[in-house]
Structures are given as C-alpha cells and as structure tokens.
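Welcome! Let us walk through this protein together, one region at a time. Please keep the structure open while you read.

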Amino acid sequence: MDRADLAAIVATMAVLALAACERAASEAPRGPSAAGAAEGDGGGAAEGGGGGAAEGGAAEGGGHGATPEPLAASSGASGASEQGNAGGQGGGAGGALSWAPVETDWCSAGWIGLDDHTCFHVPETALRGAPILYVLHGAMAPDSLPVALQATAAEAAEALGAVAVFPRGRPGLCTWDPSVETYSCWPTRRETVDAEAPALLEEWMRAEALMARILGRTFGGRYVMGFSNGGYFASYVALEGLVAVNGAALVGAGRMVIEEHLFSEERPPIFIAVGVLELASTIASAENLADVLTQHGWEHELVVHPGRGHEIHADDFSRAWETWIAAP
C-alpha cells in the first residue's frame, strides 16, 4: 500500500468518525484529571523484568473545549507541540499542516503511522469527543512486531468507541538483564523513570496534539492500558500523576516497591489483571499493588484470570473500562 492509499484511508476514517459525531458525543466517559508533574518513580526494583512499566503520556482527560475544524488527510505534521490538556485540546490550534501517514512495519493492518514509532487507530464507532486510549506493549525484541496486541487493541477500541494509540518503547530501558538491553521497553526503575519519562511523555503529548489536528477533534478523556513491561510503566503514570489520566490498567504486571509519598492527589481508577499461571512474582506484585491501593482508599479492581498465563485479551480492555467508568 502506498502513501496515497494510506492518506485516503485516514480521510475515510476521519469522515466516518466525524459523520457519527453529531450523535451522542456525551457517551464518552468523563473523569477527573490528574496533575501532570513528571515526578520520580515509586519503586526502584527491577520490576519490569516480568513485563515493565510504561508511562502513558496523557492529557488531562474529560475536557471538551472548542471543536477543531476537520482537517484533510494531507494536513498534519509540523508544530503541534503544545502540552495536550483536556484529552488533547491543545492540538486543535495552529496553522496549515502538511502531514501524511508514515509507512512503517510497526503499524499493522488497520493502524496508521503517525511517525515511525507511533501508530493510531480510529474505529468507526469513535464519536466526536471520544476518549483516547494509550496501549503500551511489553518488552519486545528488535525483530518482533506487535501484530497480535495491535489486533486485540483495535478490537477493543471498536467496542469501546475509543481512539487507540500505540507508541513504541525505547531500546536500553530493559535494565534487569543484559540479554534484553536491545529490546524496546518502557522504564521501570526509579532512575530510568526519572531520566527517561519526561522526554517520553512530551513525545506522547506532541503526538496527541497532532492527532487532534489531523482528526479535527478533541478527546474526551485519556486512559492508559499497559501489558507486562508496559503495565509496570503505566503504574508510575497513574500513581504519581506523571501525566493526567482518567484511568489506568495493568495486565501481567503490578508493583512491589511503591513510594507512597509520591502518590498523585488525583486518584484515577486502576484495573489490575494477572493469570493464575503467571510467575509467582508477577502475581505477588499485582496483589501487593492492590493491597496498597486498598489501604489508601484508591478505586481499583484486581482480577486473577483462571487458566491464563502471561497474556492479554480483549476482555481485559472491557473489564478495565467497566472499572474506569464505575468509579465515582
């Protein structure tokens, strides 16, 4: 598929979504926004070894703001550097753009390349003001591609009416074992979170602002779903308020070392899921995080899937969503 075909796909997806926007924009869940300070991580252990922690770049979810004018598929890619707030409101401003979809193997069928390491998926069910959902992968070898996880995430986005974003981690952040130093990962130790999170999250905010301009919309809330290494990183985002999210989910992950004095004043609901066949250390980290959240009166749900190991499924997305929208 050439670039012209990709541009046509983006245009079609935008038209379909925007045509549906006149209906029920209020269906998108709203929630409180979290503070956006890039504070340091609460755990110093190499928790990411079972899956790592991923920081979800998120703008303060739940806001509306002025509706940007729809943009043609050929508009897009410069500027858009405002720190996205209220689910990407900052992305609607700016002058003419000259964006075109990026062809990259990182983005599988149904996903559009925003750049060479960020993909996005706009289902036909996404209405104006739809929420934005960041999906964070686990540790990935240099020659592997996230085809299966992207397929699951696209299915979930369709069911939830959310715009999904799939960023890529960076090599050198899998610090628990020399054999995985070249893998794409998210930071999970205190020192790597402190050193790498600000740049990662700023990149996510620029991407979100650009998507808002491309699609001609703002996003009604920001959520982050992390699997394995990505789940550990998502915990830092939600617990410490590294970026504002309306909800977070960790699948195949948890936290053992938690610096509670770094907790955000905002308390986005958190969904935690592991399989009963996971490593005992992974299950223990999930249970420990749930215990700490209980002690602090933090809305959350812990699920231990029978018959499952270290894996993620569409029902993890749907159950996370139920946890997020059920929170007061």
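A nonpolar core is a set of buried Ala, Val, Leu, Ile, Met, Phe, Trp, Tyr and Cys residues joined through side-chain atoms within 4.5 Å. Keep in mind that what you see is a predicted model.

**How confident is the prediction?**

The chain has a mean pLDDT of 79, and 70% of its residues reach 70 or more. Over residues 1-94, however, the pLDDT is below 50. In the model this stretch still has 309 contacts beyond near neighbours in sequence.

In soluble globular proteins, nonpolar side chains tend to be buried together. Here the largest nonpolar core has 56 residues, and the members that touch the most others are Leu114, Phe120, Leu239 and Ile270. Which elements each supply at least two residues of this core? They are the strands E1 (112-115), E3 (132-136), E4 (163-167), E8 (247-251) and E9 (270-275), together with the helices H3 (190-215), H4 (229-240) and H5 (280-295). Helix H3 gives the largest share, twelve residues. A second, separate core holds 29 residues, including Cys107, Ala156, Ala162 and Trp321.

**A closer look at helix H5**

Among the buried residues of H5 are Thr282, Ile283, Ala286, Leu289 and Leu293. The buried residues of this helix pack against H4, E8, E9 and strand E10 (300-305). After H5 comes Gly297, with a positive phi near 65 degrees.

Ser228 also has a positive phi, about 55 degrees, although it is not a glycine. You can find Ser228 in the loop between strand E7 (222-227) and H4. Ser228 has a relative accessible area of 5%, which means it is buried.

**Salt bridges**

How many salt bridges does the structure hold? There are ten, and the table gives some of them.

| Pair | N to O distance |
|---|---|
| Asp194 and Arg190 | 3.0 Å |
| Arg190 and Glu240 | 3.5 Å |
| Arg319 and Glu301 | 3.2 Å |

Asp194 and Arg190 are four residues apart in helix H3, so about one helical turn separates them. Asp194 is partly exposed, at 40% relative accessible area, whereas Arg190 counts as buried at 14%.

Arg190 also forms a salt bridge with Glu240. Because Arg190 lies in helix H3 and Glu240 in helix H4, this pair ties together parts that are 50 residues apart in sequence. Both Arg190 and Glu240 are buried.

The side chains of Arg319 and Glu301 meet in a salt bridge as well. This pair links distant parts of the chain, with Arg319 in helix H6 (residues 314-326) and Glu301 in strand E10, 18 residues apart. Arg319 is partly exposed at 30% relative accessibility, and Glu301 is partly exposed at 26% relative accessible area.

Terms used:
Residues numbered from 1 in each chain as written. Predicted model: local features only at pLDDT ≥ 70, side-chain atom pairs only at ≥ 80, totals over all residues. Heavy atoms only, no water. Buried < 20%, exposed > 50% of the residue type's maximum accessible area, 1.4 Å probe, protein only. Contact = heavy atoms within 4.5 Å. pLDDT = per-residue confidence, 0-100. Salt bridge = Lys/Arg side-chain N within 4 Å of Asp/Glu carboxyl O.
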